[in-house]
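Dear colleague,

Please find below the sequence and structure that I am handing over to you. My notes on what was found follow directly after them.

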Amino acid sequence: MVTKGKSAESPGIESIDIQVSTYMRGAEFGDAQIKEMMTRELRQRLTEAQAEGRPLRVYCGYDVTAPDLHLGHTITMHKLRQFQDFGHDVTFLIGTFTTLIGDPSDRDEARAMALVEQVKKNAETYAEQAFKILDRKKTSVRYNYDWLSKLTFADVISMASYFTVQQFLVRDRLRNRYEKNDPIWLRELLYPLAQGYDAVSLKTDVQIGATEQLFNLMAGRRLQEAFGQKPQVCITFPVLVGTDGVERMSKSRGNYIGIAEPPEDIYGKTMSIPDGIVMQYFELLTDVPDKELQEFKRQLESGANPMTIKKRLARELVAQYYGAKEAQQAEEHFEKTVQKKEIPDEIQEYKISGAVVLSRLLLDAGLAASRSEAGRLIQQGAVTIDGNKATDMNQTVNKGVTIKCGKRRYLKTT
């Protein structure tokens with residue numbers, strides 16, 4: 001659904017300065033020198049590609065730990081789309097092999113090894129959801145099981161010879177676990193080798209990823225050099241904070257906004273985010289021009305009511321995935337049900353055969369991602385039954401009641 005104003009048949013049509021500024025917007029490396037180096041290398045690579053008359057090869061990899069994508073995943077997808085719009089070749093890489101290992105970059109504990117069947121199931125949904133952002137006709141979808149599963153033990157030993165254990169243990173999360181004597185599984189140390197070899201196999205010019213994955217992306221540069229390739233440019237972006245304004249966006253934490261959720265849910269959840277992270281959402285998730293963002297920031301700093309700016313953000317996000325008409329309808333729904341506290345004209349009906357446990361009903365009807373999330377919503381007083389606050393996740397619900405979950409969702413049992 002996402003469309004952009006810029007389009008190019010080759011990377012030379014738009015100026016290199018504009019491209020660099022576009023791609024680096026919101027980039028964060030945690031190290032000023034690395035950011036300066038990568039910006040310089042990106043400019044050089046674009047200049048060389050233009051002289052050679054070829055597009056850059058750009059990719060980002062996604063481990064399929066869950067079946068649905070949320071806004072946190074889309075930060076890098078928007079960057080891939082920007083590269084597409086400037087005429088470059090983009091690969092959407094699904095980590096059907098690396099998911100089985102488990103990336104320790106974002107974990108303070110070992111991630112359980114994924115099941116092959118679950119990985120395959122999740123992978124089936126990823127690309128289709130990604131095409132809400134990426135241009136289907138210009139996207140190459142690849143699966144790293146295709147090449148990583150064919151490596152021999154000798155291949156792995158050879159790649160491992162380019163790294164030391166000390167290089168791995170300087171990473172904060174692994175170092176903390178090491179100092180606490182918590183288990184660090186050997187397979188976790190092999191993860192950067194696997195991700196690094198993706199860059200070798202794809203012969204990439206640019207890899208996009210999360211700031212916390214910078215070590216893995218740099219491992220790709222090292223392996224590319226070892227295989228006689230020019231090392232890729234790495235561009236990394238911060239992890240998106242969830243709707244609670246504290247923890248990283250995660251479906252398991254219940255602080256997520258899914259890109260496949262109904263328009264009114266995307267709008268309503270966006271309106272619930274703390275004022276302090278509105279500008280981060282604008283910068284990382286939209287293509288609103290920098291000049292406008294500077295004006296929004298000025299208004300917020302001067303004490304203006306953030307409601308208008310937040311509504312603009314909510315409209316932008318809904319429009320990206322559904323269109324302008326749906327965004328307007330979602331705004332009208334929000335104003336009616338939240339601001340004016342009116343019951344919507346149309347309420348979702350859910351048929352039950354008899355008395356059902358409330359937390360199970362919220363899960364089965366799609367009002368909560370899990371029973372634990374349902375329990376949190378009930379505990380927070382966000383669930384009402386016929387206007388009365390629910391108090392127990394195990395209480396039973398009968399036919400003919402109206403349930404309100406959060407500020408936006410209504411459900412009538414029949």
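Of the contacts in the protein chain with a separation of 6 or more, 72% are between residues 24 or more positions apart, where contact means heavy atoms within 4.5 Å. Please note that this is a predicted model, in which local features need pLDDT of at least 70 and side-chain atom pairs count only at pLDDT 80 or more, while totals for chains, interfaces and linings use all residues. Residues are numbered from 1 along each chain as its sequence is written, and side-chain values use heavy atoms, with hydrogens and water left out.

Overall composition

The protein chain contains 18 helices and 12 strands; helices (H or I, at least four residues) and strands (E, at least two) are DSSP runs, numbered from the N terminus. Of its 414 residues, 48% are buried. Here buried stands for under 20% relative accessible area, exposed for over 50%, and partly exposed for what lies in between (1.4 Å probe, protein chains only). The chain exposes about 19900 Å², of which carbon and sulfur atoms supply 50%; the areas come from the Shrake-Rupley method with a 1.4 Å probe, and for residues only the protein chains shown count as cover.

The count of disulfides is 0, a disulfide being a pair of cysteine sulfur atoms within 2.5 Å. Cys 60 is buried at 3% relative accessibility, and Cys 234 is buried at 0%.

Strands around E1

Strand E1 (residues 57-62) runs parallel to strand E2 (residues 89-94), with 6 bridges between them; two strands pair if DSSP finds at least two bridges between them. Within this pairing, Tyr 62 is opposite Ile 94 in E2. Together with helix H3 (residues 71-85), E1 and E2 form a right-handed β-α-β unit. A crossover is right-handed if, with the strands pointing away from the viewer, the path from the first strand over the helix to the second runs clockwise.

E1 is also joined in the parallel sense to strand E4 (residues 206-210), by 2 bridges. There, Tyr 59 has Gln 207 in E4 as its bridge partner.

Apart from neighbours within four places in sequence, Leu 56 contacts Arg 45, Leu 46, Ala 49, His 88, Asp 89, Asp 205 and Val 206.

The whole structure holds 20 salt bridges, each being a side-chain nitrogen of Lys or Arg within 4 Å of a carboxyl oxygen of Asp or Glu. One of them joins Glu 48 to Lys 230, with 2.8 Å between the closest N and O atoms. Glu 48 lies in helix H2 (residues 32-52) and Lys 230 in the loop between helix H11 (214-226) and strand E5 (233-237), so this pair ties together parts that are 182 residues apart in sequence. Glu 48 is partly exposed at 32% relative accessible area, and Lys 230 is partly exposed at 45%.

A salt bridge also links Glu 212 and Arg 248, at 3.1 Å from N to O. Because Glu 212 lies in the loop between E4 and H11 and Arg 248 in the loop between E5 and helix H12 (263-271), the pair ties together parts that are 36 residues apart in sequence. Glu 212 is partly exposed, with a relative accessible area of 24%, as is Arg 248 at 25%.

Arg 315 and Glu 331 meet in a salt bridge of 2.8 Å, N to O. This pair ties together parts 16 residues apart in sequence, since Arg 315 lies in helix H15 (residues 307-321) and Glu 331 in helix H16 (residues 324-339). Arg 315 is partly exposed at 29%, whereas Glu 331 is buried at 9% relative accessibility.

Backbone angles

Most residues other than glycine have a negative phi. Asn 181, which is not a glycine, has a positive phi of about 65°. Asn 181 lies in the loop between helix H9 (172-179) and helix H10 (186-202) and is exposed, with a relative accessible area of 69%. Lys 203 likewise has a positive phi, near 50°. Lys 203 lies in the loop between H10 and E4 and is partly exposed at 48%.

With kind regards
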